[in-house]
Structure formats: C-alpha cells, structure tokens
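Work through the exercises below with the structure in view. Try each task before reading its solution.

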Amino acid sequence: MILTVTLNTAVDLTYHIPTLTPHASHRVTQVIERPGGKGLNVARVLAALGHETVATGFAGGATGAVLREQLAATPVRDELVETAGATRRTVAVVDNATGDTTQLNEPGPAVTAAEWTVFRARFTALLDGAAAVALCGSLPPGIHVGAYAELVRAARAADVPVLLDTSGEPLRRGIAARPDLVKPNAEELAQLTGSRDPLRATRDARGRGARTVVSSLGPEGLLAATPEGLWRAAPPAAVKGNPTGAGDSAVAGLLSGLVDGAPWPDRLARAVALSAATVLSPVAGEFDPAAYEELLPRVKVTPEPDRP
C-alpha cells in the first residue's frame, strides 16, 4: 500500500472559456470538478497504475463532503480526518484559444491543535503496512511550519520510505529531517539553495539532508541526484497542452518505481512519461494512458557528468 498525505485538500474546479479577457464577463463552455490537492492527485495516478493507494489529510464542511463523495468514486481509500473548517476550492480558468491556465487557490481551513493530534495518530497507524509515503503540497492555516519534518521523522522511525513535495520553509525544515526523496521544481529549488544552476542546486539540496533529489525542469524533464549518481531524463520531444498536475504525475511515477524496486533510470522514465502524458490529456490533471505507454520506452535517461 502507498500512503499519500494532503494536509490542504481541495475541490478543483476547471472552467474552460473561449478566450480570457481581463475586466470582462465570460461564458464558461465546460466545467470539470474533482478532488484535488497534490497528494490526492498523486493517489489518483497511482491507483490508475494499479497500486493500492490510501489518502489521508484533512477535509471539512460542505466542500469537504463533496470531495469525499468524489473520492469514493475512485479506487483510492479515504482516510481523511474531519476538520471543522471548510475544505478550500481551487479554480483553474483555461483559455481555449491559447491553452493558457489562470489558477486561483483559496488558503484552506484553519486546523486546530486537537485536529492535528487526531491526524498524527491516524498517520502513525497508517504507516503500519505502508510500502512508501508521499507528503505533498502546502500547509493549511494552523499547521506549524515544521509539520512535514515531524512526519518525515515519523516515517523514518517506522522504516517507511518517504517522499516530500512541498516548498518554502516547510521544504527547508522537511529536508533537514532526511527524507528519502524530495522533488522540487526549478523555482522551489532556487528558493531553497539560492542557486539557479540546476545541477549545482540539485547537489546542494541533497547535501541538506535528502537521500535523493529529483528536480523538475519543466519541459526539459528531470535531473536526479541519487546515491548511485546523477541522471538526466527528458521526453523524446516537447509536448504542448495543459501542465496542470504534471508534477504530481511525476511524483506518482517515482513512487511507483520505488515500490516496484525499479532501477533509477526506469523510475525517472516513468516519471517523465507520466508527466508528459498529463500535459497531453484532454482533462486537466489526468494522464492519457495511451500517450504514457507510447512515451515510456522513448524517454531518454542518461548519466550526468559530475562537474564542480
């Protein structure tokens, strides 16, 4: 079983409009609603790949009830903790003329100390039997900034491999707790290390405590600093489409490879192929299975020279 943690869950709304014009009214041509938050996106992809997946975190209020109803229609097992505050919504406005997406994210409910205590107990219980755990996304109000570091330490104490995918101070503190893997994007990596050189920043991030750092370079693929060396993985060609959820699909690919015991080149190939297949999907945040199967053997994974 793979456990995913989404402390700041959401109901994701995607509005499609012909053209986005500032200061104007728009007629929405298509509405898509689904359970969201990075960890839930990861869980949904893992389930589609055939992995037994459990999702925990927080959900509350009328929006939380909608989220749980939607999650019940998927193979993902719901172990979310009830919170008194209402689960947030995120709104993605897709300009059909350009393919560009404008994202609006609510902050999320304030989580109380008592609710955090309930969650910690459930998280600890779920670690028993977990093959891996992913800690994903932003922290809702009320959760202390060292929360992910606390959860990383709990997973390590239970001997469960742990992946961390967050940003800012939660990432800085979480990486010091020595997770098995972190997956920052280029901007998150620059904020963490102060360097915009991808190779230097990736190695720097690994030196801060993570066993492995896999950096997302957008359309250029992934750069990985692992105990076995440096690797670069790239799609066979640039893909055009909606990048919503592409990073979460990459996380799912890395976790899938980890629990299957795949070598690093295969893990990275899965991550890149899933990410590209998500960009190509007609539904934002989902991956195109046919595109994934076609892309997987064509992803180029090469050792990266370790330069100063």
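**Exercise 1. Give the strand order of the ten-stranded sheet and find its edges.**

Solution. The ten strands form an open sheet of mixed pairing, in the order β5-β4-β1-β8-β9-β10-β11-β12-β13-β14. Its edge strands are β5 (77–82) and β14 (300–303), each of which pairs on one side only. Strands here are DSSP runs of E with at least two residues, and helices are runs of H or I with at least four, both numbered from the N terminus. Two strands pair if DSSP finds at least two bridges between them.

The model is predicted: local features need pLDDT of at least 70, side-chain atom pairs count only at pLDDT 80 or more, and totals for chains, interfaces and linings use all residues. Residues are numbered from 1 along each chain as its sequence is written, and side-chain values use heavy atoms, with hydrogens and water left out.

**Exercise 2. Describe how β4 is joined to β5, and name the residue opposite Thr56.**

Solution. Step one: β4 (residues 53–59) and β5 run parallel and are joined by six bridges. Step two: the residue opposite Thr56 is Glu79 in β5.

**Exercise 3. Find the strands of this sheet that helix α1 touches.**

Solution. Helix α1 (residues 38–48) packs on the sheet and touches β1 (2–6), β4, β8 (132–136) and β9 (162–165). Contact means heavy atoms within 4.5 Å. The direction of α1 makes about 155° with that of β1. Such angles run from 0 to 180 degrees between N-to-C directions, with axes fitted to C-alpha atoms, for helices over the stretch in contact.

**Exercise 4. Why do the buried residues of α2 line one face of the helix?**

Solution. Start with the residues: Thr63, Gly64, Leu67, Gln70 and Leu71 are buried. Seen down the axis of α2, the buried residues fall within an arc of 125°, so they line one face; the arc is that of the directions from the helix axis to the C-beta atoms. On the other side of α2, Ala62, Glu69 and Ala72 are exposed. Buried means under 20% relative accessible area, exposed over 50%, and partly exposed in between (1.4 Å probe, protein chains only). The buried residues of α2 pack against β2, β3, α1, β4, β5 and β6.

**Exercise 5. Which residues touch the most other members of the largest nonpolar core?**

Solution. The core has 37 residues, and those touching the most other members are Leu7, Phe119, Phe123, Val133 and Leu135. A nonpolar core is a set of buried Ala, Val, Leu, Ile, Met, Phe, Trp, Tyr and Cys residues joined through side-chain atoms within 4.5 Å. Helix α4 (residues 147–157) gives the largest share, seven residues.

**Exercise 6. Locate His23 and state its phi.**

Solution. His23 lies in the loop between β2 and β3. Its phi is near 65°, a positive value in a residue other than glycine. His23 is exposed, with a relative accessible area of 88%.
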